Amino acid sequence: MGRAEGRTGLNLEDWTRRILAGEIRAVARAATAIENNAPEAAALLAAIERHRGRALVLGVTGAPGAGKSTLVDHLVRHYRAQGKTVGVLAVDPSSPFTGGAILGDRIRMQDHHADPGVFIRSMASRGWTGGVARATEGIAALLDASGRGVVIIETVGVGQGEVEVARLAGVVAVVLVPGMGDGVQAIKAGLMEIADVFVINKADHAGVGELEREIHQEAPGVPLVKTVASQGQGIAELAAAIESRSGQPRRRMERAGGFEIDHLGIAVRSIDSALRFYAGQLGLALAHRETVEQERVHVAMLPVGGSRVELIEPADSESSVARSIAKRGEGLHHVALRTARFAEAVERLRAGGARILNEPRTGAGGHTYVFVHPESTGGVLLELIEEKE
Ligand SMILES: Nc1nc2c(ncn2[C@@H]2O[C@H](COP(=O)(O)OP(=O)(O)OP(=O)(O)O)[C@@H](O)[C@H]2O)c(=O)[nH]1
Ligand SMILES: [Mg+2]
């Protein structure tokens with residue numbers, strides 16, 4: 001650490017300390033470093049990693065022009081009135097050069113510019129690239145770690161956008177407007193699937209009842225709020241619906257049987273030489289490295305979409321990974337699945353007679369996990385991880 005001096009004139013420890021203290025300038029500089037994928041960004045993100053997880057992270061997505069920014073503007077006022085600090089990240093993957101929508105956002109959001117309790121960052125890009133995904137995740141983590149009570153990510157529901165938002169946000173609000181022709185059918189299934197809360201905005205237009213029926217049919221039981229954002233109507237109701245969904249398991253996860261692939265563990269003799277392939281040639285980003293004393297391994301995490309590749313290097317010859325490499329050579333070591341209903345899943349496996357290798361234990365990153373023996377799983381060591389809410 002401390003290598004990030006020079007370009008910014010800030011040393012990493014100082015910079016991190018200021019970020020964690022919520023100093024706006026340090027946060028703004030870090031956001032820029034992350035957006036530009038500057039050399040110091042990875043170190044900063046690693047340093048703040050364990051300080052995130054306190055913010056309510058809200059995703060607001062929907063069709064272009066649905067009124068997302070107007071809603072966000074009012075939500076910001078609402079949270080400020082409650083004394084909460086807010087960070088807003090507006091990601092516009094559709095306006096590469098003109099940045100028209102973003103400009104609009106800026107003008108509306110200018111009201112908040114004198115308020116240090118509101119931090120706003122816009123990113124325009126051409127489509128959802130790996131770079132945009134990385135920057136979005138990094139800046140959301142940054143705002144969270146800097147102590148913002150609420151972090152709002154606004155993005156148009158196009159391309160990979162909604163998938164990313166669903167992955168990053170604790171609660172996703174999908175904004176629809178009445179009179180969209182084919183109605184809900186016209187909306188990408190992916191967008192309907194990730195909603196924790198539906199918003200029918202522009203409820204001053206005709207066709208509200210019809211849209212409401214369609215949504216209820218498509219996604220029964222999901223909270224639905226009607227708003228006229230341009231007049232600030234329905235905002236308190238929306239905030240209440242968001243509140244009621246925060247801390248609940250995500251809907252998308254429920255639909256997938258409650259599991260997502262957290263990571264693929266690959267046993268290697270040397271992380272440094274494996275990185276020459278995974279980072280150097282394949283181009284994955286190295287999110288962070290650590291040593292897990294408990295498992296006697298060094299690990300490197302490289303995000304891939306919603307999951308990660310985990311490179312595992314034995315720390316000593318006693319490590320079970322060292323024995324695995326001695327026996328079978330390098331290669332896929334385990335598959336890790338993540339679930340919010342961890343205790344329930346472990347119970348089900350026990351009841352079914354699966355060979356669970358350890359009592360649930362908590363790792364360095366604070367997550368709880370068990371391993372299941374390959375003889376129960378069709379030959380792959382399986383790790384089950386508890387999804388933290
Ligand atoms: N009639 C009516 N107009 C609205 C309402 N909410 C927003 N608008 C208007 O709709 C237009 C688009 O609003 P935005 O908030 O920029 O929509 P957006 O979804 O952020 O748009 P993009 O970021 O470009 O995708 C603006 O002219 C708003 O004033 C509403 O409830 N009723
Ligand atoms: Mg907008």
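1. L332 is placed in strand β12, which spans residues 331–339. In this predicted model, L332 has a relative accessibility of 56% and therefore counts as exposed, the threshold for that class being over 50%.

2. L332 also belongs to a nonpolar patch on the surface, the other members being I261, L264 and V380. Together the four residues have about 320 Å² of accessible area. Membership of such a patch requires over 30% relative accessible area, and the 56% of L332 is given above.

3. Which residues coordinate the magnesium ion (ligand 2)? The donors are OG of S69 and OE of E154, at 2.1 to 2.2 Å. S69 is part of helix α4 (residues 68–81), whereas E154 is part of strand β4 (residues 150–156); the pair therefore ties together parts that are 85 residues apart in sequence. Are S69 and E154 buried or exposed? Both residues are buried.

4. Two aromatic pairs are found in a search of the whole structure. One of them joins F277 and Y278: the ring centres lie 4.9 Å apart and the planes stand at 85°, so the arrangement is edge-to-face. The class applies because planes over 60 degrees apart count as edge-to-face. With a relative accessible area of 39%, F277 is partly exposed, whereas Y278, at 18%, is buried. The cut-off for burial is under 20%, so the value for Y278 qualifies.

5. Y369 and F371 form a further aromatic pair, with ring centres 5.8 Å apart and planes at 80°, so this pair is edge-to-face as well. Both Y369 and F371 are buried.

6. As to the chain as a whole, its secondary structure comprises 15 helices and 15 strands. The protein chain has 389 residues, of which 48% are buried. What share of the contacts between residues at least 6 apart in sequence joins residues at least 24 apart? In the protein chain this share is 67%.

7. The protein chain exposes about 18,000 Å², and 50% of this area is supplied by carbon and sulfur atoms. The nonpolar patch of I261, L264, L332 and V380 discussed above is found on the surface.

Methods:
Residues are numbered from 1 along each chain as its sequence is written. Chains are lettered from A and ligands numbered from 1 in the order in which they are written. This is a predicted model: local features need pLDDT of at least 70, side-chain atom pairs count only at pLDDT 80 or more; totals for chains, interfaces and linings use all residues. Side-chain values use heavy atoms; hydrogens and water are left out. Patches are made of residues with over 30% relative accessible area and no salt bridge: like charges are joined within 9 Å, nonpolar side chains (Val, Leu, Ile, Met, Phe, Trp, Tyr) within 5 Å. Accessible areas come from the Shrake-Rupley method with a 1.4 Å probe; for residues, only the protein chains shown count as cover. A salt bridge is a side-chain nitrogen of Lys or Arg within 4 Å of a carboxyl oxygen of Asp or Glu. Helices (H or I, at least four residues) and strands (E, at least two) are DSSP runs, numbered from the N terminus. Buried means under 20% relative accessible area, exposed over 50%, partly exposed in between (1.4 Å probe, protein chains only). Donors are N, O and S atoms within 2.8 Å of the metal (3.2 Å for Na, K and Ca); water is not among the atoms, so sites may look incomplete. Rings of Phe, Tyr and Trp (its six-membered ring) pair if their centres lie within 6.5 Å; planes under 30 degrees apart count as stacked, over 60 as edge-to-face and the rest as tilted. Contact means heavy atoms within 4.5 Å.
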